[in-house]
Amino acid sequence: MSVHPRVVADDFPATLAFYTALLGEPEKVVDDFEYAGFDAAGGTVLALLGRRAAEAVLPVGRGDGGVLVVVPVPDVDAAVAALPAGTVVVEPADRPGWGVRSAYLRDPEGNLVEVQSWLPR
């Protein structure tokens, strides 16, 4: 399992350049979705997502600090069903461009959390 932070960037190219200088070349970059993933030991350690792409699927605002936690789960729908009412902010949906099924939640402190599982290939 690879729980990791995802930085939501207003200036995706500048943020990508910063983290590339810090961490080396990302293993995956998807320009159409303004996404980059930096991996180590077979799992993602940090992901970047452009704010425009993020806002297309989830209610992320500047007040959120631009970071959300990504938690892989075997079954997104089962994980969401086990949570208390009012936790889910975006219902589960397939995101074929990203290759995942995901849902977005708020933890008790108001932090954004994405639960996701890989779509079958």
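Is leucine 83 buried, exposed or partly exposed? At 32% relative accessibility, leucine 83 counts as partly exposed, where buried means under 20% relative accessible area, exposed over 50%, and partly exposed in between (1.4 Å probe, protein chains only).

## Basis of the model

This is a predicted model, in which local features need pLDDT of at least 70 and side-chain atom pairs count only at pLDDT 80 or more, while totals for chains, interfaces and linings use all residues. Residues are numbered from 1 along each chain as its sequence is written, and side-chain values use heavy atoms, with hydrogens and water left out.

## Overall architecture

The protein contains three helices and eight strands; helices (H or I, at least four residues) and strands (E, at least two) are DSSP runs, numbered from the N terminus. Read from the N terminus, the order of elements is β-α-β-β-β-α-β-α-β-β-β.

For 121 residues, a compact globule would have a radius of gyration near 14 Å, and the protein agrees with this at 14 Å. That radius is taken over C-alpha atoms, and the globule rule is 2.2 Å times the number of residues to the power 0.38. The C-alpha trace spans about 40 × 35 × 25 Å along its principal axes. Of the 121 residues, 43% are buried. The accessible surface comes to about 6700 Å², and 57% of it belongs to carbon and sulfur atoms; accessible areas come from the Shrake-Rupley method with a 1.4 Å probe, and for residues only the protein chains shown count as cover. Where contact means heavy atoms within 4.5 Å, 47% of the contacts between residues at least 6 apart in sequence join residues at least 24 apart.

## Helix H1

Helix H1 comprises twelve residues (residues 12-23), which at 1.5 Å a residue should span 16 Å; the end C-alpha atoms are 16 Å apart, in agreement. The expected span is 1.5 Å times one less than the number of residues in the helix. Its buried residues are Phe12, Thr15, Leu16, Tyr19 and Thr20. Seen down the axis of H1, these fall within an arc of 135 degrees, so they line one face of the helix; the arc is that of the directions from the helix axis to the C-beta atoms. They pack against strands E1 (4-9), E2 (28-30), E3 (35-40) and E4 (43-50). The face turned away from this buried side carries the exposed residues Pro13, Ala21 and Leu22.

After H1 comes glycine 24, which has a positive phi near 95 degrees.

Histidine 4 belongs to strand E1 and is buried, with a relative accessible area of 5%. Not counting residues up to four places away in sequence, histidine 4 touches Thr44, Val45, Leu46, Ala47, Leu68, Val69 and Val70.

Glutamate 34 is situated in the loop between E2 and E3. Although glutamate 34 is not a glycine, its phi is positive, at about 50 degrees. With 16% relative accessibility, glutamate 34 counts as buried.

## Strand E7

Serine 102 and arginine 101 both lie in strand E7, which covers residues 100-106. Serine 102 is buried, at 0% relative accessibility, whereas arginine 101 is partly exposed, with a relative accessible area of 22%. Leaving aside neighbours within four places in sequence, the contacts of serine 102 include Val76, Glu91 and Val115; those of arginine 101 include Asp77, Asp94 and Ser117.

Each of these residues also makes a polar contact through its side chain, that is, a pair of N or O atoms within 3.5 Å; within protein, one atom must be able to donate a hydrogen and the other to accept it, and residues adjacent in sequence count only if both atoms are side-chain atoms. Serine 102 is joined to the side chain of arginine 95 at 3.0 Å, and arginine 101 to the side chain of aspartate 77 at 2.8 Å. The C-alpha atoms of arginine 101 and serine 117, 16 residues apart along the chain, are separated by 5.5 Å.

Leucine 83 lies in the loop between helix H3 (76-81) and strand E6 (88-95).

Leucine 112 is part of strand E8 (residues 112-118) and counts as buried at 2% relative accessibility. Leucine 112 and threonine 87 are 25 residues apart in sequence, and their C-alpha atoms are 10.0 Å apart.
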